[in-house]
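My notes follow in the order in which I checked them.

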Amino acid sequence: MKKYKVYLFDFDGTLFDTSKGLNYVFKEAFKVAGVKVEDKDIPYLSRVPLKESFDTLGGDYNKADEFVKRIEEALDEEPAIKTTLKFPEIDEFLSYIKNNNVLCGIVTSNNVNHVFKILDFFHLDHDYFKT
């Protein structure tokens, strides 16, 4: 493995597989907007800005604020957290970081509290990621 001084990781899909949790999140949020979402829609919805997903599925704009609020709430609810998976290689890499005093950070559109909740769920020290 090539060694670097700094490692930056995307959160979703790189450190953690959050795809099953996103099924729950999007279904819950779109319910508020009056739209039924199917599992097959989730990969697309998770890769585009919320406004685009809302426009594509024809959400009720009068409920747009409730939709966003519901996404934020659902991300931290048990069904979303407990269906998140840690990629198996992460433990070995985190051991490498700790033993070699390597700087590591997370780049994500998630809020910090959500990232910490996932780290806590897997009993991972927040100090692994300095930024």
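Is Arg70 buried or exposed? I found Arg70 buried, with a relative accessible area of 13%, where buried means under 20% relative accessible area, exposed over 50% and partly exposed in between, with a 1.4 Å probe and protein chains only.

Before going further I noted that this is a predicted model, in which local features need pLDDT of at least 70 and side-chain atom pairs count only at pLDDT 80 or more, while totals for chains, interfaces and linings use all residues. Residues are numbered from 1 along each chain as its sequence is written, and side-chain values use heavy atoms, with hydrogens and water left out.

**Salt bridges**

I looked up the partner of Arg70 and found that its side chain meets that of Glu73 in a salt bridge at 3.4 Å, N to O; the term stands for a side-chain nitrogen of Lys or Arg within 4 Å of a carboxyl oxygen of Asp or Glu. Both residues lie in helix H4 (residues 64–75), three residues apart, about one turn of the helix; helices (H or I, at least four residues) and strands (E, at least two) are DSSP runs, numbered from the N terminus. Glu73 is partly exposed, with a relative accessible area of 35%. Arg70 and Glu73 belong to one network, joined by salt bridges that share partners, which also takes in Glu28, Lys31, Lys69 and Glu77.

Lys31 counts as exposed at 56% relative accessibility, whereas Glu28 counts as buried at 17%.

I then turned to Asp55, which forms a salt bridge with Lys51, the closest N and O atoms being 2.9 Å apart. This pair lies in helix H3 (residues 50–57), four residues apart; Asp55 is partly exposed at 36% relative accessible area, and Lys51 is exposed at 55%. How many salt bridges does the structure hold? I noted eleven.

**Fold and core**

For the chain as a whole I wrote down seven helices and four strands, which run β-β-α-α-α-α-α-β-α-β-α from the N terminus on. The C-alpha trace spans about 50 × 25 × 25 Å along its principal axes, and 38% of the 131 residues count as buried.

Which residues have the most contacts inside the largest nonpolar core? They are Phe16 and Phe129, in a core of 21 residues, a nonpolar core being a set of buried Ala, Val, Leu, Ile, Met, Phe, Trp, Tyr and Cys residues joined through side-chain atoms within 4.5 Å. The elements giving two or more residues to this core are strand E1 (6–10), helix H6 (89–100), strand E4 (103–107) and helix H7 (112–121), and H6 supplies the largest share, five residues. I also noted a second, separate core of 17 residues, which includes Ala33, Ile42, Ala74 and Ala80.

Leaving aside residues up to four places away in sequence, I found that Phe16 touches a set including Phe11, Phe87, Ile118, Leu119 and Phe122, a contact meaning heavy atoms within 4.5 Å.

**A loop residue**

Last, I looked at Glu38, which lies in the loop between helix H1 (19–32) and helix H2 (42–45) and is partly exposed, with a relative accessible area of 42%. Glu38 and Phe26 are twelve residues apart in sequence and 9.3 Å apart in space, C-alpha to C-alpha.
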